[in-house]
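Good morning, everyone, and thank you for coming. Please take a moment to look over the sequence and the structure before I go on.

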Amino acid sequence: MADIAIGRETSEFKKGLQAGITIGIGYFPIALTFGLLAKTSGLSIYETVLMSIIVFAGASQYISLSLIAYGTGIFEIILTTFIVNIRHFLMSTTLTEKCEEDHLLNKLLYSFGITDETFSVVATKEGTATTGFMFGVISVSYSSWVVFSGVGHLIGASLPQTLQESMSVALYAMFIGLLVPSMKKSVKVVFLAALGAVFNSIFTINQLMAQGWAIVTATLLSAVLIELGEVLKNKHRGVQHEE
């Protein structure tokens, strides 16, 4: 019986590896770019790889580079990345029902590897996602992100200094690339981005607070106001419907 169980887990792990290959390929250009930008932001290759090992969150790592370039404090960086990654609570809750029951330690280990991409692969899988499948998917995606981050840094180190400095523009291009698809899907995201930009500009131009705190405050304030407006709009619709 034990041999059958081990064989089943091995088979599920292999399926997870196969499912994770597409994620690993997709991470190649993004992780490579992150490594390049990390080099131009002043991070060493050890710091770059260590960030990918510990954080393993693309958008948060890009935002961290921007905040590091501004000289933002550690607490503001942690708080900002926490806000960006709040969606992981929802993704983890959803996958709790999708994944098989297992020891808490196993769940803690593979929950670290949940990203937008791994969530999509696991959530769309037919049937229950086994622990072996989860570890297979995450092994490929995680190792791909970490390795290519280091490769990107090494490539960046070999570029001419003027080209390295110009790479900082790519950071803003990446933010735009992350934002535009969401803006196309939801008008609310458009208002959220615009309101956040306005608040951040007010805080920084008038020097009301440091750059890091300005980003954090603008993000929270715009999110609260947009959601408040959404609640009031739905409430108004409910009153009109009753009339």
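Let me begin with a term that I will need: a residue is called buried when its relative accessible area is under 20%, exposed when that value is over 50%, and partly exposed in between. Please also keep in mind that what you see is a predicted model.

With that cut-off in hand, we can turn to K107, which lies in helix α6, the helix of residues 104–111. Its relative accessibility is 19%, and therefore K107 counts as buried. If we leave aside residues up to four places away in sequence, K107 touches E100, E101 and D102.

How many salt bridges does the structure hold? There are two, and I would like to take them in turn.

One of them joins the side chains of K107 and E101, with a distance of 3.9 Å from N to O. Here the lysine, K107, is buried at 19% relative accessibility, whereas E101 counts as exposed because its relative accessibility is 67%.

The other salt bridge is formed by K15 with E12, and the closest N and O atoms of this pair are 3.7 Å apart. Both residues belong to helix α1, which covers residues 2–40, and because they are three residues apart there, about one helical turn separates K15 from E12.

To close, then, the two salt bridges are the pair of K107 with E101 and the pair of K15 with E12.

Definitions and conventions:
Residues are numbered from 1 along each chain as its sequence is written. This is a predicted model: local features need pLDDT of at least 70, side-chain atom pairs count only at pLDDT 80 or more; totals for chains, interfaces and linings use all residues. Side-chain values use heavy atoms; hydrogens and water are left out. Helices (H or I, at least four residues) and strands (E, at least two) are DSSP runs, numbered from the N terminus. Contact means heavy atoms within 4.5 Å. A salt bridge is a side-chain nitrogen of Lys or Arg within 4 Å of a carboxyl oxygen of Asp or Glu. Buried means under 20% relative accessible area, exposed over 50%, partly exposed in between (1.4 Å probe, protein chains only).
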